[in-house]
Amino acid sequence: MSDNALYTDLSGYYDLMCADINYPAQSHSAHRFHQLFGNQGKRHLDLACGTGPHIEYLQQEGYLCSGLDINLPMLSLAKLRCPNSEFSLGNMCDFSVDDPFDLITCFLYSIHYSGDTAQLQSCLNSVHQALNTGGVFCFNSVDKDHIDNQLAAKHSVKQGQDLFSFGSSWHYSGEGDKQTLKLSIEKTHNNVTERWVDEHNMVATSFVTLQGLLAPLFDVHLFEHEHDKIQPWGGQTGNAIFVCVKK
Ligand SMILES: C[S@@+](CC[C@H](N)C(=O)[O-])C[C@H]1O[C@@H](n2cnc3c(N)ncnc32)[C@H](O)[C@@H]1O
């Protein structure tokens, strides 16, 4: 099984893994940021859209949504969830569009799937080109210098006769521009437990570096990683929402 099995062979478990994520609140906050900073246009693209939860909720806010993801099984689930939206298979680090967007989102730290700093820059360039004048790019990020390798999140969900336990943790060696996201899934059925472990290679960056990459292309605003209120980032926490307005 590949080290991205969660997005391929195990994609059917993805929504269960994310059952405790408040997608309506995340989507609404992207909409609020776009209302505050954007051009009021309604064309939306979700990068690394996965199974399409943000698309489902942004459609309800009146957007005309599209999604892009590199894994076909995730897109197939997104299409089932949002049959009226357009989905394309592609790499967010190298994409172009015929008809630009007003709002581009990339959530659940997916921008870190860019892999290294050069690819991250390439992703930002692609996003910039894909936005209309005054368009907004909204995403969340983790600062490598705030990663605590000892921290792990775990939660369990019951589905029918099966009990699922999902785990996730960041790991950063302390040097360079690579970090990993470790994910585990345990499925217990009739006292028999199956376990899968994924390790995802991602780009490690600090907020200072990221702001430097963004600055030539966008006016950048940072907010605390809270989706039910809009609060400027105070400089202390290692998670933030980036709201970037195309220059
Ligand atoms: C953590 S999931 C997030 C999905 C969704 N945004 C959400 O919030 O639930 C990460 C997604 O990124 C996709 N992905 C990884 N690398 C990518 C790339 N280079 N280009 C586009 N999508 C990518 C994966 O296939 C997966 O669906």
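The largest nonpolar core holds 55 residues, of which Leu47, Ile104, Val136, Phe137, Cys138, Val243 and Cys244 touch the most other members. A nonpolar core is here a set of buried Ala, Val, Leu, Ile, Met, Phe, Trp, Tyr and Cys residues joined through C-beta atoms within 7 Å. A residue counts as buried if 20 or more other C-beta atoms lie within 10 Å of its own, as exposed if 12 or fewer do, and as partly exposed in between, with C-beta atoms placed from the backbone. The model is predicted: local features need pLDDT of at least 70 and side-chain atom pairs count only at pLDDT 80 or more, while totals for chains, interfaces and linings use all residues. Residues are numbered from 1 along each chain as its sequence is written.

Both domains contribute to this core, with at least three residues drawn from each of domain 1 (5-143 + 204-246) and domain 2 (145-203); such bounds come from an automatic or database domain assignment. Apart from its neighbours within four places in sequence, Ile104 is in contact with Leu45, Leu47, Val127, Ala130, Leu131 and Phe137, where contact means that the C-beta atoms, placed from the backbone, lie within 7 Å.

The two domains may now be considered together. The centres of domain 1 and domain 2, taken over C-alpha atoms, are 22 Å apart. Their contact takes 22 residues from domain 1 and 21 residues from domain 2. On the side of domain 1 that touches domain 2, helix H1 (14-17) and helix H5 (117-130) each supply at least two residues, and H5 gives the largest share, three residues. Helices (H or I, at least four residues) and strands (E, at least two) are DSSP runs, numbered from the N terminus. By class, this side of domain 1 comprises eleven nonpolar, eight polar and three charged residues. Ala, Val, Leu, Ile, Met, Phe, Trp, Tyr, Cys and Pro count as nonpolar, Asp, Glu, Lys and Arg as charged, and the others, Gly among them, as polar.

The shell around the ligand has twelve nonpolar, four polar and one charged residues.

Tyr109, in the loop between strand E4 (101-106) and H5, has a positive phi of about 60 degrees although it is not a glycine. Asn191, in the loop between strand E8 (178-189) and strand E9 (192-203), likewise has a positive phi, near 65 degrees. Tyr109 is partly exposed, with 16 other C-beta atoms within 10 Å, whereas Asn191 is exposed, with 5.

Methods:
Contact = placed C-beta atoms within 7 Å.
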